[in-house]
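Hi everyone, thanks for coming. Please have a look at the model on the screen, and I'll walk you through a few spots in it.

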Amino acid sequence: MKGEAPQTKYLKDYTKPTHLIKDVYLTFELHDTETKVTNKMSVAPQNGTTLVLDGEELKFVSAKVNGKPMAASDISFDENLMTLTNLPAEDFELVIENTINPKANTALDGLYMSGGIFCTQNEPEGFRRITYFVDRPDNLSIYTTKIIASKEQCPILLSNGNLVESGDLEDGKHFAIWNDPFPKPAYLYALVAGDLGMVQDSYKTGSGREVDLRIYVDKGNESKCHHAMESLKNSMKWDEQRFGLEYDLDIYMIVAVDSFNMGAMENKGLNIFNSAYVLADRETATDDNFFGIESVIGHEYFHNWTGNRVTCRDWFQLTLKEGLTVFRDQEFSADLNSRAVCRINDVNGLRGHQFTEDSGPNAHPIKPKSYIEMNNFYTSTIYEKGSEVIRMIHTLLGEEGFRKGMDKYFELFDGQAVTTEDFVHAMSVANGDYDFSQFMLWYDQAGTPIVTVESSFDESASELTLKIAQNTPATPGQDTKKPFHMPLAIGLVAEGGKDLALNLKDGANQGDLGRGILHLRKEEETFVFTGVNEKVVPSLNRKFSAPIKLKTNLSNEDMAFLMANDSDEFNRFESCNVFAKQVLNKMIESDELVLDENFANSWSKVLTDKNIDDAFKALCLSLPSVGEMVQDQKVHNFAGTKRAVDFLKLSLSQKFESEIKALYDSLNIEEEFKVDAASMGKRALKNKMLSYLGVLESHVGVVEAQYDNSSNMTDLLAALKVSVYNGHSTSGDLLKKFYDRFKDQTLVMQKWLMVQASNEEDQAFDNVQELLSCDIYDKNVPNLVRALVGTFARNEVQFNHESGRGIKFVAAQIKEIDKINPQVASRLASAFSDLKHMPQALHELAKKELEEIVKIEGLSKNVYEIVSKTLA
């Protein structure tokens, strides 16, 4: 980046605003290329008579104070700031007029156009691209919005709150006035205008209020909104029942748009969604899509209280709303589906993304101390690890104590912008001043703790000893770490799956042992359990009670025992996963491909066990991915790791071909399509069996038959993946069939792009090059870039291809996309986060590419921050 490096912002430099905006009346005269914005503000001075306002990509027209034009000498501009001087010391009215160009706004921040629809995205700092403002989350204002637009172009005019007035104007225009009675920061402001279809329903709250529910979509997509609407009503009911939280406006609206940088946005009363998280039917959406819609609809709705009614003081506190709300949406999903399966999937996601992030150049605590570009901190650490921290608080306090803490949180802070310390304070005072002092390190220290447990059994003394040590590796800016306070859920599993009672020796503090919880607080601790009169195997970190990497001295035989007997379903899955990793690591390290018979026999017992839930069985029979396996390798060996994973899958398929085929056949029957846990579990297990059959040449016909006979997208896409990933001779024909059938449906074609970009075989690279010129690909649409280029960048095997072609390709795409949408480009740049683990030749090549990127004139601060940290 030529010129001065972007400025870093620090948490320690926080100061309160010099002025607060109490009320805002916004008038929009919408136009594709020149929208006029009139911003009338009631300003309350807090400190001084100089006001600095944020503003980017705006054309200033005028400014008035208390009805009088400001003197030119009192107005100055410096980069993205507007400074007003000699202002009144008492409350005053400030009116600013400016114009903006929504059509030219490819960054998709502020007000922009998506397929002819005007829409906004203001989190974290997009509002400054609409008008000059105190654009920070601790400035809470009451908003009234008047929208004026062509009635033909924009028959629908929406904003936050409740509709106050609407009507026709001259010259074919009309207007609508919306008012939100709840104070909110600018990042929660929203506006939508366009020609949209609508699906309408209602919900009666616990107190008897009728809430109008509306989902707006492109016309023709109304039939795909049923699942989203049901998910919304389920979310509202769940939040009332679980947390006593009722919706507070008369109307709740969701708008789905194709061009959106995020998954969705919780703007008060007017959520704006990426269409991928709204539209679904059996022919176009997979079970994962249905589940994702339910989860994201719930997440954004739950923000109404955890994020909107109580919001963040500053952006360093982002996990305050996101970590808490992810925990809430995970609990919502678990209560409506299989809790064990949801927990396993959540942890798999955490390990696949956040653990990698925590060990890379962009590792940061869930409450960062600094940032250059806030958009770069919408990360798995802030969200998913933040959720795990909330979950640990829930584990420490129990369900009743956590609910009391939530009630206290809203009692103390409703309508305020607060900090993570305020949240933990509420939890503490609601539970007898619970001591969270050491626990707060989870907010301040980056990195994934490594917990090592050495167990030993003294049969003569009937004692089991656990020696436990915790260590957190160094991360950028934090070379040494203090020990965390963490809850470690445990069980002592005896023959037949019986859990023995937990009793510590010599009257040691039993703490939460009645709930099966050990409190770890020191670098090294020893726990001796008495009354252990039979051989047991310790089941450790049950339900993944702490976000750690666990290392034990348990043998493969112990893992096989837990696979068959552990009453904790998460740890039963974990035993399958750990056993498979141990087998794979042995093959990778020795470079000898030999099937471990003990693992194979244990795996087959899970395969043939008829008492296991289908979805749970599908997860237990899954093998670790190449990406998961290389995480613990000092120098990543993708080729060798892939060979081992492929060999193990092929060996299991050959050895248990008849059992796999029999299970597949028992599940491959015509049934009414339902989106419930049982039905989705059957499809998951059937398609897991298809993935094993698909590696055998003799079953190519089975895969093709499933594709041709599928009545839903889940089964159709599963067959397509198996065919493409295994290089079946019929894969080209299936890809063409898919294209011909769905080429006019952009959400479905994103799946088509992803299948080809995620293929770990070498033909993926050439296919991706060709797809860049495909008629359905558009580099200006984030969903399509993520589907093709983003998926390839996450394809560890092909991105790290020994030729270096994957690295060069992604680097070139970062340069190109950064000119269009810096947020999307910075996400692509995170593909280089494993730079230090690359083989030497790839390391040097990647470093050279990144050095070229960081020198580009006009490089966005989004990409600069990610790349410069990676190089550092």
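This is a predicted model: local features need pLDDT of at least 70, side-chain atom pairs count only at pLDDT 80 or more; totals for chains, interfaces and linings use all residues.

Residues are numbered from 1 along each chain as its sequence is written, and side-chain values use heavy atoms, with hydrogens and water left out.

Let's start with salt bridges, meaning a side-chain nitrogen of Lys or Arg within 4 Å of a carboxyl oxygen of Asp or Glu. How many does the structure hold? There are 62 salt bridges.

One of them pairs Lys219 with Asp195, at 2.8 Å from N to O. Lys219 sits in the loop between strand E18 and helix H1, and Asp195 in the loop between strand E16 and strand E17, so this pair ties together parts 24 residues apart in sequence. Helices (H or I, at least four residues) and strands (E, at least two) are DSSP runs, numbered from the N terminus.

Is Lys219 buried or exposed? Buried means under 20% relative accessible area, exposed over 50%, and partly exposed in between, using a 1.4 Å probe and protein chains only. At 54%, Lys219 counts as exposed, while Asp195 is partly exposed at 38%.

Another salt bridge joins Arg136 and Asp138, at 2.7 Å from N to O. Here Arg136 is partly exposed at 25%, and Asp138 is buried at 12%.

Finally, helix H19 is mostly covered, with ten of its twelve residues buried. Among them are Leu747, Trp752 and Ala757.
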